[in-house]
Amino acid sequence: MSILLLTGCASTVPQVTQQLVMISGKPAALLEEGRRLYGGPCSSCHTPYSPAEYSAAKWVRIVADMSERSKLSDAEHDAVLAYVLAARSMPPAAR
Amino acid sequence: MLFLSHQQFADPMFSSTQMKTCVLTALAFVWCVLPGDAGQRRFAYNYETTTSPKGSWEIENWVTLERSPLHDNDYDSWFFRNEVEYGVTDHFQIAVYVANWDFAPRGGEEKEEVEAEGAETAESHEAEEDEGGEEKPHRSARYGSSGVELIYNLTNPNTDWLGSAVYAEANFGDRFAELEGKILLQKNFGPLAIVYNAIVEFEWEGAHLEAEEIEFAQTFGVSYQVHPNVAVGSELVHEIAFPDFNKSNAERAEFFAGPNVTFHGKNFFVTASALWRTTDNSGAEDMQARVIVGFEF
């Protein structure tokens, strides 16, 4: 029962894999920084949402809004956005 | 309390209705005047391993009710904390407890002070006893202590195998001192958060801080985000105290369990938890409830 429960709650902050880097075409360091921010400072204010939960267009708006509210720099904004867009483009089985 | 004079604050006749009015007024005031976005705190009796983002400020106001096993409101105790929190780095936060204070029945320590005041007071006590009525404790509001809290995040509950943090707290008042350390553990599985805290606490109380005690406690909590703004779950507290730092004086272990809920808005969060005592220990409170209201700015 507990295994089923935990499986159903898979990580909403997937790791940066080679596949993720290849699919996104973004540098691994940028994606790692985006993951660090998304799973760290972002999640200290709210539970991180699964990247697959929203469309790419909606993520652009969400990240812009949240960056302003949490005073992220442009570089941090770009890293978070690159990461969530890359993660949402992964096939479900690879997330 | 913002609107009360010092004399009113210390007045033993200050009623519980006035107390509730003041608390609600203070909360409403803080709610209305502070701008900004709030962080999320899912638990009232557990700490999470994540810390405030660098440069963020937060105000938290705590209210804790400890219900007397006598089921008489006159014996219930209310505890309050006004806290300011700051994210020094993304992994380190500091909080200042501006004031820990309470509205509670006053026990033996005040009686001793009253007796020391002399004949006039003694006569008034005798008159009260002559009336033959059952003597109820009077409750009054009293400042307890101020303190500082430090939390250092070691690993992240979302991106690492297990989230962890270390916690240190020190409180000092005119008749109270406390040092507390915690190990915080947490794991998040998407919307599900599981936390565990291991706690050791050293306390000194009394006019000369002569009453010593060490307490060990552990807390456990689960919380599931059922809506972007709402999470519900449960918390458990297990504690055992050793007066005089002596293991042969161990008090009976107490175990509390109950539900919690948190609402996270744009400008604030409200977290509430109510825990009932599940162990048969007639000396301890049989229920405790805590509400924390936080604002980030």
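Which residues touch the most other members of the largest nonpolar core?

## Largest nonpolar core

In this predicted model, the largest nonpolar core has 20 residues, and A:Leu20, A:Leu31, A:Tyr38, A:Trp59, A:Val63, A:Tyr83 and A:Val84 touch the most other members. Three elements of chain A, namely α3, α4 (56-69) and α5 (74-88), each give two or more residues to this core. The greatest share comes from α5(A), with eight residues.

A:Val84 illustrates the packing. Apart from neighbours within four places in sequence, A:Val84 is in contact with A:Tyr38, A:Pro51, A:Trp59 and A:Val63.

## Interface of chain A and chain B

The contact between the chains involves 20 residues from chain A and 23 residues from chain B. About 1,700 Å² is buried between chain A and chain B, and carbon and sulfur atoms give 54% of that area.

The polar side of the interface comprises six residue pairs in polar contact, with both residues at pLDDT 80 or more. On chain A, the elements that give two or more residues to the side touching chain B are α1 (2-8) and α3 (28-39). Of these, α3(A) gives the most, with three residues. By residue class, the side of chain A that touches chain B has nine nonpolar, eight polar and three charged residues.

One salt bridge is found across the interface. The salt bridge joins A:Arg36 to B:Asp90, with the closest N and O atoms 3.9 Å apart; the cut-off for this assignment is 4 Å.

Definitions and conventions
Residues are numbered from 1 along each chain as its sequence is written. Chains are lettered from A and ligands numbered from 1 in the order in which they are written. This is a predicted model: local features need pLDDT of at least 70, side-chain atom pairs count only at pLDDT 80 or more; totals for chains, interfaces and linings use all residues. Side-chain values use heavy atoms; hydrogens and water are left out. Contact means heavy atoms within 4.5 Å. Buried area is the accessible area (1.4 Å probe) that two parts lose on being put together, summed over both. A salt bridge is a side-chain nitrogen of Lys or Arg within 4 Å of a carboxyl oxygen of Asp or Glu. A polar contact is a pair of N or O atoms within 3.5 Å; within protein, one must be able to donate a hydrogen and the other to accept it, and residues adjacent in sequence count only if both atoms are side-chain atoms. Helices (H or I, at least four residues) and strands (E, at least two) are DSSP runs, numbered from the N terminus. Ala, Val, Leu, Ile, Met, Phe, Trp, Tyr, Cys and Pro count as nonpolar, Asp, Glu, Lys and Arg as charged, and the others, Gly among them, as polar. A nonpolar core is a set of buried Ala, Val, Leu, Ile, Met, Phe, Trp, Tyr and Cys residues joined through side-chain atoms within 4.5 Å. Buried means under 20% relative accessible area, exposed over 50%, partly exposed in between (1.4 Å probe, protein chains only).
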